[in-house]
Amino acid sequence: LAMFLRELPTKSVSESLSLQKRTWAIKRRDGILFLRGGMNAAAPRRDAVKQSMDENSARRQREDYAIELRKNKRESQLNKRRVIVMNQTQANGGDKDAYEPVPTLKDLPAAALGLKSDRIFERYKAAKTLRKLLSVHNPPASEAIEAGVLPPLVTALQQSESTELQFEAAWALTNIASTDHTMQVVQAGAVPHLVPLLNSPSADVREQAGWCLGNIAGDCPELRNLVLEANALDPILANIRQPASLSLLRNLVWALSNLCRGKPMVSMEVTRKAVPLLSSILLQCSDEDTLIDACWSLSYISDHSNENIELLLENRELLKALVKQLQSRSYTLIAPALRALGNIVTGTDEQTQAVIDAGILPHLLNLLQHPKKSLRKETCWLISNIAAGNSRQITALMGEPRLIAEVLQQLSWGQWDVRQEAAWAIANLCMSKDHTQQVVEMGAIRPLCELLTASDVSLVLVVLNAIESILQVSEENGYDYDERLEDVEALDKLEDLQRHKHEEVYIKAYAILERYFGGDEDAGED
(Lines give C-alpha, C1' and ligand atoms only; values in the text may rest on other atoms or scores of the structure.)
Protein backbone atom coordinates (compact mmCIF):
# COMPACT_ATOMS: atom_id res chain seq x y z
CA LEU A 1 0.00 0.00 0.00
CA ALA A 2 2.82 2.40 0.91
CA MET A 3 4.50 1.87 -2.47
CA PHE A 4 1.21 2.25 -4.31
CA LEU A 5 0.24 5.44 -2.49
CA ARG A 6 3.60 7.06 -3.07
CA GLU A 7 3.13 6.54 -6.80
CA LEU A 8 -0.23 8.30 -6.88
CA PRO A 9 -0.17 11.73 -8.51
CA THR A 10 -0.30 14.63 -6.08
CA LYS A 11 -3.40 16.75 -6.52
CA SER A 12 -3.09 20.52 -6.33
CA VAL A 13 -5.56 21.19 -3.48
CA SER A 14 -5.26 22.65 -1.31
CA GLU A 15 -10.07 21.92 33.75
CA SER A 16 -11.62 22.70 34.80
CA LEU A 17 -9.67 23.70 37.95
CA SER A 18 -11.11 24.05 41.45
CA LEU A 19 -14.63 25.34 41.99
CA GLN A 20 -13.09 28.63 43.03
CA LYS A 21 -11.69 28.96 39.52
CA ARG A 22 -14.47 27.58 37.34
CA THR A 23 -18.21 27.38 37.54
CA TRP A 24 -19.31 25.00 34.79
CA ALA A 25 -17.85 24.33 31.41
CA ILE A 26 -19.51 21.93 29.03
CA LYS A 27 -18.07 19.57 26.46
CA ARG A 28 -20.50 18.30 23.85
CA ARG A 29 -20.49 15.20 21.67
CA ASP A 30 -23.35 13.91 19.51
CA GLY A 31 -26.44 14.07 21.71
CA ILE A 32 -24.35 14.02 24.88
CA LEU A 33 -23.16 16.73 27.24
CA PHE A 34 -20.06 16.47 29.38
CA LEU A 35 -20.15 18.96 32.24
CA ARG A 36 -16.66 19.83 33.30
CA GLY A 37 -16.80 21.11 36.86
CA GLY A 38 -13.93 21.41 39.27
CA MET A 39 -12.15 18.75 41.28
CA ASN A 40 -15.44 18.01 42.95
CA ALA A 41 -17.98 18.74 40.26
CA ALA A 42 -20.83 17.47 42.39
CA ALA A 43 -20.12 19.90 45.22
CA PRO A 44 -22.70 22.65 45.84
CA ARG A 45 -21.97 26.23 44.89
CA ARG A 46 -21.31 28.82 47.62
CA ASP A 47 -24.82 30.30 47.41
CA ALA A 48 -27.89 28.09 47.18
CA VAL A 49 -29.58 30.80 45.11
CA LYS A 50 -26.77 30.60 42.59
CA GLN A 51 -26.71 26.86 42.04
CA SER A 52 -25.93 26.03 38.45
CA MET A 53 -27.32 23.24 36.32
CA ASP A 54 -26.72 19.74 37.58
CA GLU A 55 -25.57 17.18 35.06
CA ASN A 56 -28.89 15.44 34.54
CA SER A 57 -30.89 18.61 33.98
CA ALA A 58 -28.24 19.97 31.64
CA ARG A 59 -28.35 16.78 29.60
CA ARG A 60 -32.13 17.06 29.28
CA GLN A 61 -31.99 20.71 28.27
CA ARG A 62 -29.27 20.24 25.72
CA GLU A 63 -30.29 16.90 24.20
CA ASP A 64 -32.48 18.17 21.38
CA TYR A 65 -30.08 20.92 20.41
CA ALA A 66 -27.00 18.71 20.47
CA ILE A 67 -28.69 16.18 18.21
CA GLU A 68 -29.64 18.95 15.82
CA LEU A 69 -26.08 20.29 15.90
CA ARG A 70 -24.55 16.99 14.88
CA LYS A 71 -27.24 15.39 12.73
CA ASN A 72 -25.71 16.69 9.48
CA LYS A 73 -23.35 13.75 9.21
CA ARG A 74 -21.52 13.94 5.95
CA GLU A 75 -23.46 16.69 4.19
CA SER A 76 -21.30 16.58 1.07
CA GLN A 77 -21.11 12.80 0.66
CA LEU A 78 -23.74 10.19 -0.20
CA ASN A 79 -23.96 7.02 1.89
CA LYS A 80 -24.72 5.14 -1.31
CA ARG A 81 -23.16 5.39 -4.73
CA ARG A 82 -24.38 4.43 -8.16
CA VAL A 83 -22.53 4.10 -11.47
CA ILE A 84 -24.18 6.74 -13.64
CA VAL A 85 -23.76 6.68 -17.42
CA MET A 86 -22.43 9.91 -18.87
CA ASN A 87 -22.67 9.02 -22.54
CA GLN A 88 -23.53 6.16 -24.84
CA THR A 89 -19.96 4.86 -25.01
CA GLN A 90 -19.75 4.60 -21.24
CA ALA A 91 -23.20 3.07 -21.06
CA ASN A 92 -22.08 0.30 -23.35
CA GLY A 93 -18.99 -0.45 -21.28
CA GLY A 94 -16.30 0.73 -23.69
CA ASP A 95 -15.39 1.52 -27.27
CA LYS A 96 -15.99 -2.00 -28.58
CA ASP A 97 -19.68 -1.73 -27.70
CA ALA A 98 -20.02 1.93 -28.57
CA TYR A 99 -22.44 1.25 -31.41
CA GLU A 100 -24.80 -0.92 -29.41
CA PRO A 101 -28.05 0.88 -28.58
CA VAL A 102 -28.63 1.87 -24.96
CA PRO A 103 -31.41 -0.39 -23.63
CA THR A 104 -34.76 0.98 -22.55
CA LEU A 105 -37.46 -0.26 -20.24
CA LYS A 106 -39.05 -2.24 -23.04
CA ASP A 107 -35.92 -4.43 -23.10
CA LEU A 108 -36.40 -5.43 -19.45
CA PRO A 109 -38.62 -8.51 -19.95
CA ALA A 110 -36.17 -10.06 -22.43
CA ALA A 111 -33.24 -9.33 -20.10
CA ALA A 112 -35.06 -10.88 -17.14
CA LEU A 113 -35.75 -13.97 -19.25
CA GLY A 114 -32.17 -14.12 -20.51
CA LEU A 115 -30.83 -14.21 -16.96
CA LYS A 116 -32.47 -17.63 -16.59
CA SER A 117 -30.95 -19.09 -19.76
CA ASP A 118 -29.00 -22.35 -19.63
CA ARG A 119 -26.27 -20.74 -21.73
CA ILE A 120 -23.77 -18.68 -19.73
CA PHE A 121 -23.14 -16.27 -22.61
CA GLU A 122 -26.86 -15.48 -22.83
CA ARG A 123 -26.92 -14.82 -19.09
CA TYR A 124 -23.91 -12.53 -19.49
CA LYS A 125 -25.61 -10.51 -22.26
CA ALA A 126 -28.80 -10.24 -20.23
CA ALA A 127 -26.90 -9.09 -17.12
CA LYS A 128 -25.06 -6.52 -19.21
CA THR A 129 -28.31 -5.20 -20.66
CA LEU A 130 -29.80 -4.96 -17.19
CA ARG A 131 -26.68 -3.22 -15.87
CA LYS A 132 -26.93 -0.59 -18.60
CA LEU A 133 -30.63 -0.11 -17.92
CA LEU A 134 -29.91 0.53 -14.23
CA SER A 135 -26.90 2.80 -14.83
CA VAL A 136 -28.94 5.98 -15.05
CA HIS A 137 -30.31 8.61 -12.72
CA ASN A 138 -33.48 7.27 -11.11
CA PRO A 139 -32.93 3.68 -12.27
CA PRO A 140 -36.02 1.51 -12.79
CA ALA A 141 -35.19 -0.66 -9.78
CA SER A 142 -38.81 -1.36 -8.86
CA GLU A 143 -39.61 -2.54 -12.35
CA ALA A 144 -36.51 -4.73 -12.43
CA ILE A 145 -37.40 -6.32 -9.10
CA GLU A 146 -40.97 -6.92 -10.24
CA ALA A 147 -39.57 -8.61 -13.35
CA GLY A 148 -37.85 -11.11 -11.06
CA VAL A 149 -34.21 -10.25 -11.76
CA LEU A 150 -32.86 -10.49 -8.19
CA PRO A 151 -32.67 -14.31 -7.77
CA PRO A 152 -30.88 -14.93 -11.11
CA LEU A 153 -28.52 -12.00 -10.48
CA VAL A 154 -27.55 -13.50 -7.10
CA THR A 155 -27.09 -16.87 -8.80
CA ALA A 156 -24.84 -15.19 -11.37
CA LEU A 157 -22.53 -14.02 -8.58
CA GLN A 158 -21.67 -17.67 -8.03
CA GLN A 159 -20.62 -18.34 -11.65
CA SER A 160 -16.87 -18.50 -11.01
CA GLU A 161 -16.25 -19.76 -14.56
CA SER A 162 -17.21 -16.31 -15.89
CA THR A 163 -15.81 -13.29 -14.07
CA GLU A 164 -17.45 -11.14 -16.75
CA LEU A 165 -20.88 -12.41 -15.71
CA GLN A 166 -20.03 -11.93 -12.04
CA PHE A 167 -18.93 -8.38 -12.75
CA GLU A 168 -22.10 -7.43 -14.64
CA ALA A 169 -24.32 -9.03 -12.00
CA ALA A 170 -22.50 -7.28 -9.16
CA TRP A 171 -22.77 -3.97 -11.02
CA ALA A 172 -26.52 -4.37 -11.54
CA LEU A 173 -27.00 -5.30 -7.86
CA THR A 174 -24.87 -2.30 -6.84
CA ASN A 175 -27.24 0.07 -8.59
CA ILE A 176 -30.35 -1.59 -7.20
CA ALA A 177 -28.80 -1.41 -3.72
CA SER A 178 -28.21 2.31 -4.23
CA THR A 179 -31.98 2.90 -4.25
CA ASP A 180 -34.66 2.39 -1.61
CA HIS A 181 -34.66 -1.33 -2.45
CA THR A 182 -31.50 -2.27 -0.57
CA MET A 183 -33.37 -4.64 1.70
CA GLN A 184 -34.71 -6.61 -1.26
CA VAL A 185 -31.14 -7.17 -2.45
CA VAL A 186 -30.24 -8.47 1.01
CA GLN A 187 -33.34 -10.65 1.23
CA ALA A 188 -32.45 -12.19 -2.13
CA GLY A 189 -29.30 -13.53 -0.44
CA ALA A 190 -26.71 -11.32 -2.14
CA VAL A 191 -24.41 -10.60 0.82
CA PRO A 192 -23.04 -14.15 1.40
CA HIS A 193 -22.19 -14.38 -2.30
CA LEU A 194 -20.70 -10.88 -2.62
CA VAL A 195 -18.17 -11.35 0.18
CA PRO A 196 -16.26 -14.24 -1.53
CA LEU A 197 -15.96 -12.06 -4.63
CA LEU A 198 -13.69 -9.74 -2.64
CA ASN A 199 -11.08 -12.46 -3.21
CA SER A 200 -11.80 -12.86 -6.91
CA PRO A 201 -8.83 -13.05 -9.33
CA SER A 202 -10.52 -10.20 -11.21
CA ALA A 203 -9.78 -6.75 -9.75
CA ASP A 204 -12.93 -5.40 -11.43
CA VAL A 205 -15.07 -8.02 -9.69
CA ARG A 206 -13.41 -7.30 -6.34
CA GLU A 207 -14.05 -3.60 -6.73
CA GLN A 208 -17.68 -4.03 -7.78
CA ALA A 209 -18.41 -6.48 -4.95
CA GLY A 210 -16.94 -4.03 -2.44
CA TRP A 211 -18.95 -1.21 -3.98
CA CYS A 212 -22.19 -3.19 -3.64
CA LEU A 213 -21.41 -4.16 -0.03
CA GLY A 214 -20.67 -0.50 0.70
CA ASN A 215 -24.13 0.47 -0.56
CA ILE A 216 -25.72 -2.21 1.60
CA ALA A 217 -23.74 -1.21 4.70
CA GLY A 218 -24.62 2.46 4.12
CA ASP A 219 -28.35 1.78 4.32
CA CYS A 220 -28.69 1.36 8.10
CA PRO A 221 -26.79 0.03 11.14
CA GLU A 222 -28.60 -3.30 10.93
CA LEU A 223 -27.39 -3.96 7.39
CA ARG A 224 -23.95 -2.63 8.28
CA ASN A 225 -23.79 -5.26 11.01
CA LEU A 226 -25.03 -7.90 8.57
CA VAL A 227 -22.16 -7.15 6.20
CA LEU A 228 -19.66 -7.27 9.08
CA GLU A 229 -21.11 -10.56 10.33
CA ALA A 230 -20.59 -11.97 6.83
CA ASN A 231 -16.83 -11.40 7.38
CA ALA A 232 -16.47 -8.69 4.75
CA LEU A 233 -14.08 -6.53 6.78
CA ASP A 234 -10.86 -8.51 6.42
CA PRO A 235 -10.97 -8.91 2.61
CA ILE A 236 -11.91 -5.24 2.23
CA LEU A 237 -8.88 -4.27 4.32
CA ALA A 238 -6.70 -6.65 2.30
CA ASN A 239 -7.76 -5.00 -0.95
CA ILE A 240 -6.99 -1.57 0.50
CA ARG A 241 -3.54 -2.71 1.61
CA GLN A 242 -2.73 -3.98 -1.87
CA PRO A 243 -4.97 -2.05 -4.28
CA ALA A 244 -4.96 -3.14 -7.87
CA SER A 245 -5.96 0.33 -9.04
CA LEU A 246 -6.72 3.80 -7.79
CA SER A 247 -10.40 3.23 -8.53
CA LEU A 248 -10.45 0.10 -6.37
CA LEU A 249 -8.67 1.93 -3.55
CA ARG A 250 -11.20 4.77 -3.63
CA ASN A 251 -14.24 2.52 -3.66
CA LEU A 252 -13.02 0.15 -0.98
CA VAL A 253 -12.02 2.97 1.39
CA TRP A 254 -15.47 4.43 0.83
CA ALA A 255 -17.04 1.03 1.62
CA LEU A 256 -14.92 0.88 4.79
CA SER A 257 -16.26 4.28 5.83
CA ASN A 258 -19.80 2.88 5.68
CA LEU A 259 -18.71 -0.07 7.82
CA CYS A 260 -17.48 2.42 10.45
CA ARG A 261 -20.47 4.75 10.54
CA GLY A 262 -23.78 4.58 12.37
CA LYS A 263 -25.06 4.00 15.88
CA PRO A 264 -24.87 1.86 17.87
CA MET A 265 -21.17 1.87 17.21
CA VAL A 266 -19.32 -1.02 15.66
CA SER A 267 -17.28 -3.28 17.92
CA MET A 268 -13.81 -2.38 19.13
CA GLU A 269 -12.55 -5.33 17.11
CA VAL A 270 -13.61 -3.57 13.92
CA THR A 271 -12.13 -0.21 14.90
CA ARG A 272 -8.85 -1.79 16.06
CA LYS A 273 -8.44 -3.37 12.64
CA ALA A 274 -9.46 -0.28 10.69
CA VAL A 275 -7.58 2.53 12.44
CA PRO A 276 -3.99 1.48 11.61
CA LEU A 277 -4.81 1.17 7.92
CA LEU A 278 -6.69 4.47 7.89
CA SER A 279 -3.69 6.07 9.59
CA SER A 280 -1.42 4.76 6.82
CA ILE A 281 -3.69 6.29 4.19
CA LEU A 282 -3.72 9.68 5.92
CA LEU A 283 0.05 9.66 6.25
CA GLN A 284 0.95 8.41 2.79
CA CYS A 285 -1.88 9.02 0.33
CA SER A 286 -2.21 12.11 -1.87
CA ASP A 287 -5.48 11.22 -3.61
CA GLU A 288 -8.17 13.59 -2.42
CA ASP A 289 -11.14 11.24 -2.84
CA THR A 290 -9.41 8.54 -0.80
CA LEU A 291 -8.40 11.03 1.90
CA ILE A 292 -11.96 12.32 2.17
CA ASP A 293 -13.41 8.87 2.89
CA ALA A 294 -10.55 7.96 5.23
CA CYS A 295 -11.21 11.14 7.21
CA TRP A 296 -14.93 10.38 7.36
CA SER A 297 -14.10 6.90 8.67
CA LEU A 298 -11.98 8.41 11.44
CA SER A 299 -14.72 10.91 12.27
CA TYR A 300 -17.25 8.09 12.69
CA ILE A 301 -14.87 6.08 14.87
CA SER A 302 -14.02 9.06 17.11
CA ASP A 303 -17.69 10.00 17.54
CA HIS A 304 -18.49 7.27 20.04
CA SER A 305 -16.26 7.03 23.11
CA ASN A 306 -13.00 8.12 24.69
CA GLU A 307 -11.76 4.56 24.22
CA ASN A 308 -12.20 4.92 20.47
CA ILE A 309 -10.47 8.29 20.56
CA GLU A 310 -7.53 6.68 22.34
CA LEU A 311 -7.11 4.33 19.37
CA LEU A 312 -6.52 7.32 17.14
CA LEU A 313 -3.96 8.74 19.55
CA GLU A 314 -1.79 5.63 19.45
CA ASN A 315 -0.15 7.18 16.40
CA ARG A 316 0.35 10.87 17.16
CA GLU A 317 1.43 11.46 13.57
CA LEU A 318 -2.18 10.75 12.59
CA LEU A 319 -3.35 13.89 14.40
CA LYS A 320 -0.77 15.96 12.55
CA ALA A 321 -2.00 14.46 9.29
CA LEU A 322 -5.59 15.39 10.15
CA VAL A 323 -4.53 18.93 11.03
CA LYS A 324 -2.69 19.13 7.71
CA GLN A 325 -5.97 18.49 5.84
CA LEU A 326 -7.36 21.72 7.34
CA GLN A 327 -5.10 23.60 4.93
CA SER A 328 -6.76 22.03 1.91
CA ARG A 329 -8.59 24.17 -0.62
CA SER A 330 -11.28 21.50 -0.77
CA TYR A 331 -14.24 21.96 1.56
CA THR A 332 -15.14 18.28 1.14
CA LEU A 333 -11.76 17.30 2.61
CA ILE A 334 -11.64 19.92 5.38
CA ALA A 335 -15.11 18.96 6.66
CA PRO A 336 -14.39 15.35 7.73
CA ALA A 337 -10.92 16.20 9.06
CA LEU A 338 -12.39 19.01 11.16
CA ARG A 339 -15.18 16.72 12.37
CA ALA A 340 -12.69 14.05 13.46
CA LEU A 341 -10.55 16.58 15.34
CA GLY A 342 -13.66 18.13 16.87
CA ASN A 343 -14.75 14.72 18.13
CA ILE A 344 -11.35 14.13 19.72
CA VAL A 345 -11.46 17.36 21.74
CA THR A 346 -14.75 16.24 23.30
CA GLY A 347 -12.68 13.64 25.16
CA THR A 348 -10.46 13.93 28.18
CA ASP A 349 -8.11 16.83 28.86
CA GLU A 350 -5.23 14.63 27.72
CA GLN A 351 -6.96 13.86 24.44
CA THR A 352 -7.77 17.54 23.92
CA GLN A 353 -4.16 18.45 24.61
CA ALA A 354 -2.98 15.97 21.99
CA VAL A 355 -4.95 17.88 19.33
CA ILE A 356 -3.51 21.19 20.53
CA ASP A 357 -0.01 19.71 20.48
CA ALA A 358 -0.62 18.57 16.89
CA GLY A 359 -0.84 22.26 15.94
CA ILE A 360 -4.53 22.88 15.33
CA LEU A 361 -4.85 26.35 16.89
CA PRO A 362 -3.11 28.39 14.15
CA HIS A 363 -5.56 26.98 11.58
CA LEU A 364 -8.78 27.89 13.37
CA LEU A 365 -8.84 31.58 12.44
CA ASN A 366 -8.92 30.82 8.71
CA LEU A 367 -11.68 28.27 9.27
CA LEU A 368 -13.76 30.84 11.16
CA GLN A 369 -13.50 33.05 8.08
CA HIS A 370 -14.27 30.26 5.60
CA PRO A 371 -17.11 31.00 3.16
CA LYS A 372 -18.81 27.71 4.08
CA LYS A 373 -21.16 28.27 7.01
CA SER A 374 -20.97 24.65 8.14
CA LEU A 375 -17.19 24.92 8.59
CA ARG A 376 -17.53 28.11 10.64
CA LYS A 377 -20.13 26.39 12.81
CA GLU A 378 -18.02 23.26 13.31
CA THR A 379 -14.99 25.40 14.16
CA CYS A 380 -16.93 27.28 16.85
CA TRP A 381 -18.11 23.93 18.21
CA LEU A 382 -14.51 22.66 18.36
CA ILE A 383 -13.34 25.88 20.07
CA SER A 384 -16.16 25.61 22.62
CA ASN A 385 -14.90 22.18 23.63
CA ILE A 386 -11.31 23.38 23.98
CA ALA A 387 -12.71 26.25 26.06
CA ALA A 388 -14.21 23.62 28.37
CA GLY A 389 -10.75 22.19 29.01
CA ASN A 390 -8.17 23.00 31.63
CA SER A 391 -6.53 26.35 32.35
CA ARG A 392 -3.49 25.59 30.22
CA GLN A 393 -5.67 24.81 27.20
CA ILE A 394 -7.78 27.93 27.65
CA THR A 395 -4.63 30.04 27.94
CA ALA A 396 -3.37 28.55 24.66
CA LEU A 397 -6.72 29.34 23.03
CA MET A 398 -6.74 32.90 24.31
CA GLY A 399 -3.14 33.38 23.20
CA GLU A 400 -3.87 32.61 19.55
CA PRO A 401 -3.80 35.98 17.73
CA ARG A 402 -7.22 37.34 16.73
CA LEU A 403 -8.93 33.96 17.28
CA ILE A 404 -11.28 34.89 20.12
CA ALA A 405 -11.94 38.27 18.51
CA GLU A 406 -13.17 36.39 15.44
CA VAL A 407 -15.36 34.13 17.60
CA LEU A 408 -16.89 37.31 19.04
CA GLN A 409 -17.46 38.56 15.51
CA GLN A 410 -19.34 35.35 14.72
CA LEU A 411 -21.30 35.74 17.96
CA SER A 412 -22.26 39.29 17.02
CA TRP A 413 -22.85 39.08 13.30
CA GLY A 414 -22.76 35.46 12.21
CA GLN A 415 -25.63 33.39 10.88
CA TRP A 416 -27.87 32.08 13.59
CA ASP A 417 -26.59 28.53 14.02
CA VAL A 418 -22.99 29.81 13.92
CA ARG A 419 -23.87 32.38 16.60
CA GLN A 420 -25.24 29.60 18.78
CA GLU A 421 -21.97 27.69 18.68
CA ALA A 422 -19.96 30.87 19.19
CA ALA A 423 -22.10 31.57 22.26
CA TRP A 424 -21.13 28.23 23.75
CA ALA A 425 -17.47 29.00 23.11
CA ILE A 426 -17.57 32.45 24.74
CA ALA A 427 -19.75 31.20 27.61
CA ASN A 428 -17.29 28.41 28.37
CA LEU A 429 -14.45 30.92 28.37
CA CYS A 430 -16.38 33.07 30.81
CA MET A 431 -16.60 30.10 33.17
CA SER A 432 -12.82 30.26 33.62
CA LYS A 433 -12.33 33.04 36.15
CA ASP A 434 -8.68 33.36 35.18
CA HIS A 435 -9.83 34.43 31.73
CA THR A 436 -13.19 36.12 32.31
CA GLN A 437 -11.75 39.63 32.49
CA GLN A 438 -9.89 39.20 29.20
CA VAL A 439 -13.02 37.94 27.43
CA VAL A 440 -15.16 40.75 28.84
CA GLU A 441 -12.64 43.41 27.87
CA MET A 442 -12.73 42.04 24.32
CA GLY A 443 -16.43 42.90 24.19
CA ALA A 444 -18.28 39.72 25.17
CA ILE A 445 -21.08 41.25 27.26
CA ARG A 446 -23.22 42.88 24.58
CA PRO A 447 -23.42 39.97 22.08
CA LEU A 448 -24.02 37.49 24.89
CA CYS A 449 -26.86 39.54 26.31
CA GLU A 450 -28.49 39.88 22.91
CA LEU A 451 -29.08 36.11 23.02
CA LEU A 452 -31.17 36.37 26.19
CA THR A 453 -34.20 36.83 23.95
CA ALA A 454 -33.50 33.64 21.97
CA SER A 455 -36.21 30.97 21.76
CA ASP A 456 -33.69 28.17 22.38
CA VAL A 457 -33.97 27.45 26.11
CA SER A 458 -30.61 25.69 26.35
CA LEU A 459 -28.88 28.67 24.71
CA VAL A 460 -30.54 31.13 27.11
CA LEU A 461 -29.45 29.01 30.06
CA VAL A 462 -25.82 28.88 28.96
CA VAL A 463 -25.81 32.66 28.49
CA LEU A 464 -27.35 33.13 31.95
CA ASN A 465 -24.62 31.01 33.47
CA ALA A 466 -21.98 33.04 31.64
CA ILE A 467 -23.50 36.28 32.93
CA GLU A 468 -23.55 34.85 36.44
CA SER A 469 -19.86 33.97 36.17
CA ILE A 470 -19.05 37.46 34.86
CA LEU A 471 -20.87 39.03 37.82
CA GLN A 472 -19.05 36.78 40.29
CA VAL A 473 -15.70 37.92 38.90
CA SER A 474 -16.89 41.53 38.99
CA GLU A 475 -17.97 41.26 42.62
CA GLU A 476 -14.79 39.50 43.76
CA ASN A 477 -12.48 41.99 42.03
CA GLY A 478 -14.40 45.23 42.26
CA TYR A 479 -15.01 45.55 38.53
CA ASP A 480 -17.91 47.45 36.96
CA TYR A 481 -19.37 44.58 34.95
CA ASP A 482 -22.77 45.05 36.60
CA GLU A 483 -22.88 48.58 35.23
CA ARG A 484 -21.84 47.36 31.79
CA LEU A 485 -24.71 44.89 31.87
CA GLU A 486 -27.10 47.71 32.70
CA ASP A 487 -25.67 49.76 29.82
CA VAL A 488 -26.65 47.04 27.31
CA GLU A 489 -30.16 46.74 28.82
CA ALA A 490 -29.46 43.29 30.23
CA LEU A 491 -31.54 44.05 33.33
CA ASP A 492 -34.66 44.56 31.23
CA LYS A 493 -34.05 41.24 29.52
CA LEU A 494 -33.44 39.50 32.85
CA GLU A 495 -36.67 40.93 34.23
CA ASP A 496 -38.54 39.68 31.17
CA LEU A 497 -37.05 36.22 31.70
CA GLN A 498 -38.67 36.05 35.12
CA ARG A 499 -41.90 35.50 33.20
CA HIS A 500 -40.36 32.79 31.01
CA LYS A 501 -42.41 29.60 30.64
CA HIS A 502 -39.39 27.42 31.33
CA GLU A 503 -38.85 27.00 35.09
CA GLU A 504 -35.06 26.85 35.09
CA VAL A 505 -34.82 30.03 33.02
CA TYR A 506 -36.96 32.19 35.29
CA ILE A 507 -35.39 30.77 38.46
CA LYS A 508 -31.91 31.55 37.13
CA ALA A 509 -32.89 35.05 35.96
CA TYR A 510 -34.54 35.78 39.32
CA ALA A 511 -31.48 34.52 41.22
CA ILE A 512 -29.12 36.78 39.23
CA LEU A 513 -31.30 39.84 39.74
CA GLU A 514 -31.79 39.14 43.43
CA ARG A 515 -28.14 38.42 44.13
CA TYR A 516 -26.44 41.14 42.12
CA PHE A 517 -29.00 43.89 41.50
CA GLY A 518 -31.47 43.66 44.39
CA GLY A 519 -29.54 46.13 46.52
CA ASP A 520 -29.45 48.74 43.76
CA GLU A 521 -33.22 48.65 43.46
CA ASP A 522 -33.63 49.32 47.20
CA ALA A 523 -31.12 52.15 47.05
CA GLY A 524 -33.04 53.75 44.20
CA GLU A 525 -36.27 53.71 46.19
CA ASP A 526 -34.53 55.40 49.14
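**Exercise 1. State where helix H15 bends and which proline follows.**

Solution. In this predicted model, H15 bends by about 25 degrees at valine 275. Within four residues of that position comes proline 276.

**Exercise 2. Identify buried residues of H15.**

Solution. Valine 275, the site of the bend, is among the buried residues of H15. Others on that list include Met268, Val270, Thr271, Ala274, Leu277 and Leu278.

**Exercise 3. Locate asparagine 390, classify it as buried or exposed, and describe its side-chain contact with arginine 392.**

Solution. Asparagine 390 sits in the loop that joins helix H22 (373–386) to helix H23 (391–398). Its relative accessible area is 10%; because buried means under 20%, asparagine 390 is buried. A polar atom of the asparagine 390 side chain lies 3.2 Å from the backbone nitrogen of arginine 392.

**Exercise 4. Describe the surroundings of leucine 491.**

Solution. Leucine 491 belongs to helix H30 (residues 490–497). With 17% relative accessibility, leucine 491 counts as buried. Leaving aside residues up to four places away in sequence, leucine 491 touches Leu485, Glu486, Leu513 and Phe517. Cysteine 449 is 42 residues from leucine 491 in sequence, and their C-alpha atoms are 9.6 Å apart in space.

Key
Residues are numbered from 1 along each chain as its sequence is written. This is a predicted model: local features need pLDDT of at least 70, side-chain atom pairs count only at pLDDT 80 or more; totals for chains, interfaces and linings use all residues. Side-chain values use heavy atoms; hydrogens and water are left out. The bend at a residue is the angle between axes fitted to the seven residues ending there and the seven starting there. Helices (H or I, at least four residues) and strands (E, at least two) are DSSP runs, numbered from the N terminus. Buried means under 20% relative accessible area, exposed over 50%, partly exposed in between (1.4 Å probe, protein chains only). A polar contact is a pair of N or O atoms within 3.5 Å; within protein, one must be able to donate a hydrogen and the other to accept it, and residues adjacent in sequence count only if both atoms are side-chain atoms. Contact means heavy atoms within 4.5 Å.
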